[in-house]
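Biologist: Hey, could you walk me through this one? I'm new to reading structures.

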Amino acid sequence: MIPRVHQQGKRTIGLLIYLYGPGTHEEHTDPHLVASFDGLAPDPGRDPRATLRDLQRLLDQPLLAVDEHQRPAKHVWHCSVRAAADDRILSGEEWADIARRVVAATGIDPDGDDAGCRWAAVRHADDHIHIIATLIREDGHSPNHHRSGQRAQAACRLIEADYGLQRVEAGDGTAARRPTSAERRKAQRQGRERTARDELRETVRRAVAGATSESEFFDRLAAAGLLLRNRVAPSGDLLGYAVALPGDRNGKGEPIWFPGAKLAPDLSLPRIRERLATGDEGAALGSSEFTGTSGRAGAVSPADARRHAAEAAWDAIPRLYEGDNEGAAAAQIAAAGEVLDALAKTSAAVTRRDLREAAWVFERASRSHVRAQHHQARAVRRAARDLIYGGPALGRGEDGAATAMVIDTLIFLVIAAAHWHSEHQHAQQAAAARQAAEHLRTAYRAASATPMKSLRDRGRRLPDTMLARHAATIRQAVPELAEDLLAESGWPALAATLADAETSGRDAAALLTSAARRRELDSADSLSDVLVWRLRRLADLPAAAPSRPISDAGTPSAATRPAERPVRRARRRPAGGST
């Protein structure tokens, strides 16, 4: 049950004309009253003798009875109440009861108060009603309808329980503004998948991802093709900004501007500045502490960027389960949103849609009333930056395998975010994080299909003696998981990875123990897949299966000595910051 208190209006008759009219797309069917303040209001929808003016005059009588200077400038209160998509169709009597409970809870017409406001509830579709009220009580006073939106939400949670309807998660006032019906209709007319407001929010979020300065942020907005307008104080200080789509114009042909704060609470300039002020400028792209697989200082490949993001996400996970610093945990979650935005922007076609959807829904999970201490999430924000500047990834080879690696790790980070939000009673954010995890799982299946098949094929080609040795390693290192792992179809890929780690001179058993130590394995769809990617990252192995065969020798062959492994970018741990 989803209530929405709309902006107050000036013309009762104007709203009634809309409610009883055909709608902008002929979507209104059989408009009629289901309830009113006294149960006797005229119904222009069902009574041929009643008119809209009759209903308007009845509702406005208390307004006309008071002196003109006592009348509110906007006296029309309007609340729509919509059933969830999976709810059953409610009867007229049920909608009438719901309307009475909503006006009582919001202070429009409290229970037992004979001097409440006049109101009427109109139904013109199966799944929702509109309540219109006049904001003058019968005794000439104004109603106490302060925070009526939140009060309507609370009433609807009780209504859902009483009627056995789908439970809609309660909000906390930190959600982004939803597009208006006019914005949605305009997007439909123009054939756009999303409204201008939604497109701008996504583009601005991507511009923020990993940015380290205001100039970089604004340069990214311009590069994305947005129109930009800054609000400058007389002193010359920048106070705020607004963005517009080039083709989104009003009736006068002028751009329709959206200030950052109107896109989402954390996209206002002051909130963006909090992210930028992390003291991380020294680690910006081009720093000499980079060495990518290309061997060039300052260069980061798409695959390297994905490995870095997997490392940063891995380090962030325990902070959401074990940390007692709420601001630091909130920063990790916000930065995880930046990584998702950056990954979606630079992904290959095979995963692009699902990663975009994951980033889109996780946006709701990326903020709450807990103020993020962004300096605590430097490593995760830097990972987002690497993804942006690493550029688009291919859907194959090392890029494709590294994409599967980072998505696998991000699933656990997003699940950890859902856990943290649940612990803090952030219902909407927890639900959004769980939904994002499902999109990531879909993206993972697409990204991992080819690289995991290659690893499984590589494992099946191992000599029997080597397979037996690695099975014994699994039983030794993770006895509680061993039988499940050995029964999975992905076991050959795990065996191949243990063999690669051993060939590179690593202690396979110690690596496996470390990789399996984390508690979040309980939520894994495939234990072997998860351990494969963790082992390949911890052992600094290529994400994709090497082409060279593995011998059953006790020591690496000359062709596979550790000294000849590809050079990887060194882990970076800024002094005094979170990693």
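This is a predicted model: local features need pLDDT of at least 70, side-chain atom pairs count only at pLDDT 80 or more; totals for chains, interfaces and linings use all residues.

Biologist: Okay, how many helices and strands does the chain have?

Modeller: There are 20 helices and eight strands.

Biologist: And how much of the chain is buried?

Modeller: Of its 579 residues, 54% are buried. The chain still exposes about 25400 Å², with carbon and sulfur atoms supplying 49% of that.

Biologist: What about contacts between residues at least 6 apart in sequence?

Modeller: In that set, 73% join residues at least 24 apart.

Biologist: Let's switch to helix α4. What span should α4 have, and why?

Modeller: Helix α4 covers residues 148-163, which is 16 residues, so at 1.5 Å a residue it should span 22 Å. The C-alpha atoms at its ends are 22 Å apart, in agreement with that.

Biologist: Which residues of α4 are buried, and what covers them?

Modeller: The buried ones are Ser148, Ala152, Ala155, Cys156, Arg157, Ile159, Glu160 and Tyr163. Their cover includes β1 (2-5), β3 (76-82) and α3 (92-105).

Biologist: What comes just after α4?

Modeller: That's Gly164, with a positive phi of about 65°.

Biologist: New topic: where is Ala418, and is it buried or exposed?

Modeller: Ala418 is in helix α14, residues 397-423. Its relative accessibility is 5%, under the 20% cut-off, so Ala418 counts as buried.

Biologist: Which residues does Ala418 touch, leaving out those up to four places away in sequence?

Modeller: Ala418 touches Ala430, Ala433 and Arg434. Ala430 is 12 residues from Ala418 along the chain, yet their C-alpha atoms are separated by 4.3 Å.

Definitions and conventions: Residues are numbered from 1 along each chain as its sequence is written. Side-chain values use heavy atoms; hydrogens and water are left out. Helices (H or I, at least four residues) and strands (E, at least two) are DSSP runs, numbered from the N terminus. Buried means under 20% relative accessible area, exposed over 50%, partly exposed in between (1.4 Å probe, protein chains only). Contact means heavy atoms within 4.5 Å. Accessible areas come from the Shrake-Rupley method with a 1.4 Å probe; for residues, only the protein chains shown count as cover. The expected span of a helix is 1.5 Å times one less than its number of residues.
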